[in-house]
Protein chains: 6
Amino acid sequence: MKKIVGLGELLLRLSTKDCLKFSQVNNFNADFGGSELNVLTSIAKFGLPVEFITRLPENDLGESAIMEMKKHSVGTNFIPMGGDRLGLYFLEKGAALRGSKIVYDRAFSSFSTIKKGMIDWKEVFKDANWFHWSGITPGVSQDAADVCMEAIDVANEMGLTVSTDFNYRANLWNYGKSPSEIMTPMVSKCHVVLAGEYASEQYFNIVPEGTTEKEKMQSLCDLLVKQFGSIQKVAITNRGDISASHNTWSAVLYDGKEMHESTTYDITNIVDRIGAGDSFMGALIYGLNTYDDKNALEFAVAASCLKHTIYGDANLVSKKEVENLMGGDLSGRVQR
Amino acid sequence: MKKIVGLGELLLRLSTKDCLKFSQVNNFNADFGGSELNVLTSIAKFGLPVEFITRLPENDLGESAIMEMKKHSVGTNFIPMGGDRLGLYFLEKGAALRGSKIVYDRAFSSFSTIKKGMIDWKEVFKDANWFHWSGITPGVSQDAADVCMEAIDVANEMGLTVSTDFNYRANLWNYGKSPSEIMTPMVSKCHVVLAGEYASEQYFNIVPEGTTEKEKMQSLCDLLVKQFGSIQKVAITNRGDISASHNTWSAVLYDGKEMHESTTYDITNIVDRIGAGDSFMGALIYGLNTYDDKNALEFAVAASCLKHTIYGDANLVSKKEVENLMGGDLSGRVQR
Amino acid sequence: MKKIVGLGELLLRLSTKDCLKFSQVNNFNADFGGSELNVLTSIAKFGLPVEFITRLPENDLGESAIMEMKKHSVGTNFIPMGGDRLGLYFLEKGAALRGSKIVYDRAFSSFSTIKKGMIDWKEVFKDANWFHWSGITPGVSQDAADVCMEAIDVANEMGLTVSTDFNYRANLWNYGKSPSEIMTPMVSKCHVVLAGEYASEQYFNIVPEGTTEKEKMQSLCDLLVKQFGSIQKVAITNRGDISASHNTWSAVLYDGKEMHESTTYDITNIVDRIGAGDSFMGALIYGLNTYDDKNALEFAVAASCLKHTIYGDANLVSKKEVENLMGGDLSGRVQR
Amino acid sequence: MKKIVGLGELLLRLSTKDCLKFSQVNNFNADFGGSELNVLTSIAKFGLPVEFITRLPENDLGESAIMEMKKHSVGTNFIPMGGDRLGLYFLEKGAALRGSKIVYDRAFSSFSTIKKGMIDWKEVFKDANWFHWSGITPGVSQDAADVCMEAIDVANEMGLTVSTDFNYRANLWNYGKSPSEIMTPMVSKCHVVLAGEYASEQYFNIVPEGTTEKEKMQSLCDLLVKQFGSIQKVAITNRGDISASHNTWSAVLYDGKEMHESTTYDITNIVDRIGAGDSFMGALIYGLNTYDDKNALEFAVAASCLKHTIYGDANLVSKKEVENLMGGDLSGRVQR
Amino acid sequence: MKKIVGLGELLLRLSTKDCLKFSQVNNFNADFGGSELNVLTSIAKFGLPVEFITRLPENDLGESAIMEMKKHSVGTNFIPMGGDRLGLYFLEKGAALRGSKIVYDRAFSSFSTIKKGMIDWKEVFKDANWFHWSGITPGVSQDAADVCMEAIDVANEMGLTVSTDFNYRANLWNYGKSPSEIMTPMVSKCHVVLAGEYASEQYFNIVPEGTTEKEKMQSLCDLLVKQFGSIQKVAITNRGDISASHNTWSAVLYDGKEMHESTTYDITNIVDRIGAGDSFMGALIYGLNTYDDKNALEFAVAASCLKHTIYGDANLVSKKEVENLMGGDLSGRVQR
Amino acid sequence: MKKIVGLGELLLRLSTKDCLKFSQVNNFNADFGGSELNVLTSIAKFGLPVEFITRLPENDLGESAIMEMKKHSVGTNFIPMGGDRLGLYFLEKGAALRGSKIVYDRAFSSFSTIKKGMIDWKEVFKDANWFHWSGITPGVSQDAADVCMEAIDVANEMGLTVSTDFNYRANLWNYGKSPSEIMTPMVSKCHVVLAGEYASEQYFNIVPEGTTEKEKMQSLCDLLVKQFGSIQKVAITNRGDISASHNTWSAVLYDGKEMHESTTYDITNIVDRIGAGDSFMGALIYGLNTYDDKNALEFAVAASCLKHTIYGDANLVSKKEVENLMGGDLSGRVQR
């Protein structure tokens, strides 16, 4: 089996328990996450080999992060340790009509100081067939953007499939470049994208047409494929925000010709929706390496539906659990 | 800004975790609450200065209660420490079709021994424009009722708005007077009341007419204003008890001429419904000091809707969070 | 009051908290349970005397199990201590569309080594009027099946009512006998059965006819009563699996002439559904000793509906709580 | 085996975890205790039948207390339920040079309202050979003192051994009688007493002579036996308070002729010293029913030494554990 | 009473529980601390008014920090909110022969961006008689050093006593200036210093002479007073590091003429030694405002001895608790 | 670097928190351990590659165990999954004079069903230079003993160093063979042994001579080397059991000529002493691969001294932490 490689920032997530507000707590749950890592953790759980490229400080927190990745069979062999600090985020869990709240504390992180040349991408990609990154990575710093571009170039040279999740974060992109300037050449060399209406407008000023949700998604796919010739597949997830505790969830996958629409799931009560998009991306990459497009989409939607029942950033459900739901068993019965 | 002053009992709440029954636990969460304090905490959180009058024992528990009020910017400068004990209540949290259960242990509390003359109300009300009390306060003891009447009189003399929440508690009123005898002269000097059908009958034998819920609420408002000439505004909350975990929630506000009806919210899953009425009252007082009547009502309903997602007796949501919901965002999306 | 006696295995349940997956935890909640014990605990809570027959190891875990039964007024006077180990099961709590998962570790348990002659059934049944067992008991081992048959025979001789819950467990029945061979003579001496469609087919190859759920339940009752002349009453519970967090719940009771249908409850969010069938059985036994058949059924359905809100294997709700729900109060209001 | 009967108040203990101060916590551990109950729990653990007489409120807390006593095989068959509230105490755990702090909240408890005639002492004592009470019981209220005297009288009539622990509490004795007036007739009918220098002076103005600790203890024994002709045995424990975490512990037992001195144990780090005296008393009663005086003393000292390692009010060590320490094994080795 | 004012950084402390290593935990206790804040919290607990000057981010963490200070009666009226992030530190608690480990993450904090002119020191010092800072403050950034110098100057002009704790931190001082260059003019305007041998050498190249610990401390006092004419009093604490769990603790206070030596305490087991020096400084400031020098020293040593038994950065013991220990009661007895 | 390979059983440890007794808890901490795994985890932490051979059930618990080993860089590439169950042990933590108590539940484990031929030892040992096993392994079952002998034989053929820890467990060896019969041929092919006086007598009837502890240890080394010609080094640890919380700790290492004696450490308060011998063995293996004999011994004693401060079965201290203690820093100072 060929490896799936990802590049991105690992964050320590410090979250309140039991939907308490920040001012009510005197302890935090502590877990590691980060968009691209979440994607890889999920893929590793399904059984494919993965390798994560990031930068971590040379202290006990960096070491603990490495240990946690190893626990989940995420490869850590090419991580250039160093830099000042681990990026963090604080999470206040919402409920019902009160949304969760995130306070980021990721500036000046070790990952923001990763530099071109630190990674021997030819070596990293030797046994790999896929490279994944998301819009968060180039948003962190110029250095991170440079390393990401460097990786995309080598991946293309070596014939890997390159995927990206648009993942626009308004509080990043503070280093003086516009997202458009940075993202355009990068996406131009990608083959599979997880897109979104808001991000597409922010990054590329692409605004889909149509009145129904379906028309808009079709339009967005068309426009993206038109603008970026490299793109072979576009996926879009569709979340119905009934409340912080109750969502609907579905997705589409456009394969260049046809837009497949998935089953729609009704999810209540949500345990943790952070990382749902990442879990979709991870399962889609796994699916595209395993099934046909239609089934890859269904696998990805079922997997990310289940992510909403998993505490933490990363999806820890097994292939068997996903296939069970994908096969139509919505009962939630006790498995003895 | 003028201060909002409240008078009432502070209770230590000892509650079971995770919906466990009393016989299943060997520890209790410990939080401070009490109807009038909850009202003030909420107002302080929105940004107005508040002062709480109560009585607390001179021991570590009384001191901890003072510290907790300070944390929430509730003024504690006029509290006459003393008496025997802190009132308590034990709370077993329910779920689905099993309601929460409360075991009160508030008899013989320090607050029940507060005495006329202990509080210099002229001094307390110097920078204040509002005095709030609820039906719980005079229900505690003859002394508490006397102090409450004393405060209402001085407040009226000094031109403060006086508000009350009827808050009938069947397990109080044990000191030999009928609620009616005590409550009638008190409510006769109030300007804003949070009323309820059951309490109005218990206290004043007032029974609204009408077949629909709306007709009954209109009737209750009319009857109250008719009986108590001082009353300028009547608010009534309307809870739809679908289960212990799922409620609907709305309210009306009668301004002497018109009965405004609020938005109805659907709340599931409820984190903690204790103190929802208090959070409505607090937000209404804040609202009436800030918005017009219609918006004050909407602010109060939105705030108390959010209270159902906050653990503990008191509402800790910010003005911004309330205005966000009041503005129509029911999505519960993650705020990054 | 006459005693209700039960025979079965007591298990230590080790469960993950907060819907975490097995790989996410470094501690387990630890509680005692087991189908027949759950039945008795529930009956004891309603106020009838009960006695549990099982086998437990002579170590601190066995002793702790005894202490827990005493806490719940379950008689432990006839338990032959000994054998190697306490049976266990590990429980990963599910949510929404992810079902709970159980890993059994009950092989070679002390209970599996219980032997004929260890229990003086005449003595045990002296003040008793009812004996209960479930299909789990004879599924554990040949020895357990022998002791169960021994008890059924003495109970019949002494005029006790004998009840059983079919409770088919696919991962038991490993000792070389078919379930049918063992269960047929046992059920032939039972008077009250809690049956299920799947179990009836597995045990006796009985497949109900009909197209609607109601027709099938009626057919199953008819077929069972026809095959087993001793059976006077057949109960069947009917769970609607909307998700792991949301179920509907109802039951029927066939009294030999008529099939009574109960109220249907909608239960969300479920706290713990393990032991719901046992809580139905316990409340049915209590009900048949206290009410007429129709009310016994309603009591049993209401009690087991409430079980879904109780953490742990056993139902800890009081008679008053059940009768309150049975009386139609679905509001889940706070009881002060 | 004959029963040991005790009379006293059961308290709910609410304690801070991990040596936190009251103002640092938002939850409390909740455990049941009380001097005479602790004595009985310990005896039950060693294997003798015990029966506890107290009064508890008819609510969920009273019921939970009953369940906890049943768990520990403490008989609860003669408890007249009723009264207003369960007595409480709050405990802040100390460490090193900071002592633990207790805030009592036991006034107006159900036990304080127990009345003469509520208990059929002849029935209670039918199968008993020993009655135990402590100085706390008559200190609670005139009613409690009356019931205690009533019990002592019947016990003497029926030939039971009566024991008492002086247990002087300065914050009790608030009902207008001097401790001396109440205690003198009571102790005059006791046979075994656990005395202390401070309590003896407070109760009876008895001040031992001597310069060494041993001389004083000998003197105290002599003076007590001289003053109270009924007394056959006097025990005195001797705690060396090195710090809140480190104590030495020993005792003497005077049998009317000779004062036996026990082994002295060095205990560090103390897990919980509350109830150490009660555990001594319980083990002494067990010992005097089982061993000769010298060994009864050694058993009592070893048992109460081990109590310092047990969380909670009551000693939960087994007879085997005590005998192991009593036999000289101070190693604290892992027992596999 | 005049206010005590402090300037410094507030840090969020994230610590492991139960002496677990970083790689073993998935949650952290979260508490606020920081050297100068700890000093003020302690003083406020003893009853003097205090005001803390710092800078905090305008987010929920900054707001929670404000709430916590209010809880402890620490004035927060002059804090210029703003900047990027709250400084943090991670703490792994040690035991026995394994020391605790701290990972700082305080770079780029809001406090490091405090600027001259942000604070109206004349206003701040209006009702104050004392200003306290420590060597950490100028070590954070040039801006923080500038603000500190600004405060010292105004304090001197307005006649306040200025105190400092040398508090050398090797991992600070990264902004291009030597500690000596910055500290010399600052200490030149201080009146009370808490010095240490190591810090004195690092800051001022002052190396005490002498062979015994006492001679060295005397020499250090002499050298400091000689070099800095403004210094009136020098205190030095003396920790005997027997292990992470067991220390001895004493101090000296040189009043310009005489070096007072305190009682030496033996502390085992230590609950939390972080902030012990700060608690000494706080109690010393309180003591110098309350007692004579000798008693101020004894108060400070007793208070900081007790700090070792208090979880968290700040000392929460009361004046009464300190005076009890200061009076010689080392027993750690339960206070009922 | 060459790999260190170990063979043994992995156990799930379920332990009580805070020194509670079994009957006091309703949850258990859950951690993985086992003598040989503990040895390898420790070595991996110091930086050498390790590979663990065991057998685990194919369920979520087996999978979680694999994940935990990966987290600690323990190789899991040759584990033949299968069998019925994971072995367990229950641990009640002691304190002061009460020892910890272990209830084993390891019978019928997956490891006990490992079979000759399941492991390709030639492949396992390809890059290895050391094989470690302990007396627990052959004590589990005849199959486990056969596999262990098989491994020892191949290791000898391939020139690996073979080490063993005698680790006699009285509750194993239940399969009909005497320990002597099984252990003798095994130890005859070992080069490094961690011996003990008790185990040596149980296994081989070897009883050392001498009056002092040192003479006995010297004698035991001589006798072992005399009886087993293959043995090149004998280590013996020496624990002084002052209490469950306080031990002294040292060791000797006999290199065939000379017996080196280590530093003696005083350890109080112990966090967790389980696995101390394993941590000594692991550090000794690391030491013998890294230092001379004398320093290997000092490294092993310092490492295992620190283990007493680490919760769980395995030693998680770093090489740097060990060398710091080995270098004489006993202060337990905070490391900033």
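Author: What follows is a conversation about how copies of the chain are arranged and how they touch. Please keep in mind that this is a predicted model.

Reader: Okay, so how are two copies of a chain related in general?

Author: Two copies of a chain are related by a rotation about an axis and a shift along that axis.

Reader: How many residues are in contact between chain C and chain F?

Author: There are 25 residues of chain C in contact with 25 residues of chain F. Chain C and chain F bury about 2100 Å² between them, and 65% of that area is on carbon and sulfur atoms.

Reader: Which elements give two or more residues to the side of chain C that touches chain F?

Author: They are the strands β2 (11-15), β3 (27-33), β6 (87-92) and β7 (101-105), together with α2 (60-71), of chain C. Sorted by class, that side of chain C has 12 nonpolar, 6 polar and 7 charged residues.

Reader: And do the copies meet through the same surface or through different surfaces there?

Author: Chain C and chain F meet through the same surface, because 100% of the interface residues of chain C are also interface residues in chain F.

Reader: Let's switch to chain A. What rotation superposes chain C on chain A?

Author: A rotation of 120 degrees superposes chain C on chain A, with 0.0 Å of shift along its axis and an RMSD of 0.0 Å. That is the relation of a three-fold axis. In chain C, the C-alpha nearest this axis belongs to N269(C), at 4.5 Å from it.

Reader: Same surface or different surfaces this time?

Author: Here the copies meet through different surfaces, because only 4% of the interface residues of chain C are also interface residues in chain A.

Reader: What do chain C and chain A bury between them?

Author: They bury about 2100 Å², of which 52% is on carbon and sulfur atoms. In this interface, 24 residues of chain C are in contact with 23 residues of chain A.

Reader: How many salt bridges does the rule find across that interface?

Author: It finds 3 salt bridges across the interface of chain C and chain A. E321(A), for instance, forms a salt bridge with K21(C), and the closest N and O atoms are 2.8 Å apart. There are also 8 residue pairs in polar contact between chain C and chain A, with both residues at pLDDT 80 or more. The largest share of the side of chain C that touches chain A comes from β7(C), which gives 3 residues. By class, that side has 10 nonpolar, 7 polar and 7 charged residues.

Reader: New topic: how many salt bridges does the structure hold over all chains?

Author: Over all chains, the structure holds 126 salt bridges. Among them is the pair D241(B) and R273(B), whose side chains meet at 3.0 Å, N to O. This pair links distant parts of the chain, 32 residues apart, with D241(B) in strand β11 (residues 233-241) and R273(B) in the loop between β14 and α9 of chain B.

Reader: Last one: which residues does the cis peptide bond in chain A join?

Author: It joins T268(A) and N269(A), with omega at about -5 degrees. N269(A) sits in the loop between β14 (265-268) and α9 (276-288) of chain A. In chain B, the peptide bond from T268(B) to N269(B) is cis too, with omega near -5 degrees.

Conventions. Residues are numbered from 1 along each chain as its sequence is written. Chains are lettered from A and ligands numbered from 1 in the order in which they are written. This is a predicted model: local features need pLDDT of at least 70, side-chain atom pairs count only at pLDDT 80 or more; totals for chains, interfaces and linings use all residues. Side-chain values use heavy atoms; hydrogens and water are left out. Contact means heavy atoms within 4.5 Å. Copies are superposed by least squares on the C-alpha atoms of residues with pLDDT of at least 70 in both. Buried area is the accessible area (1.4 Å probe) that two parts lose on being put together, summed over both. Helices (H or I, at least four residues) and strands (E, at least two) are DSSP runs, numbered from the N terminus. Ala, Val, Leu, Ile, Met, Phe, Trp, Tyr, Cys and Pro count as nonpolar, Asp, Glu, Lys and Arg as charged, and the others, Gly among them, as polar. A salt bridge is a side-chain nitrogen of Lys or Arg within 4 Å of a carboxyl oxygen of Asp or Glu. A polar contact is a pair of N or O atoms within 3.5 Å; within protein, one must be able to donate a hydrogen and the other to accept it, and residues adjacent in sequence count only if both atoms are side-chain atoms.
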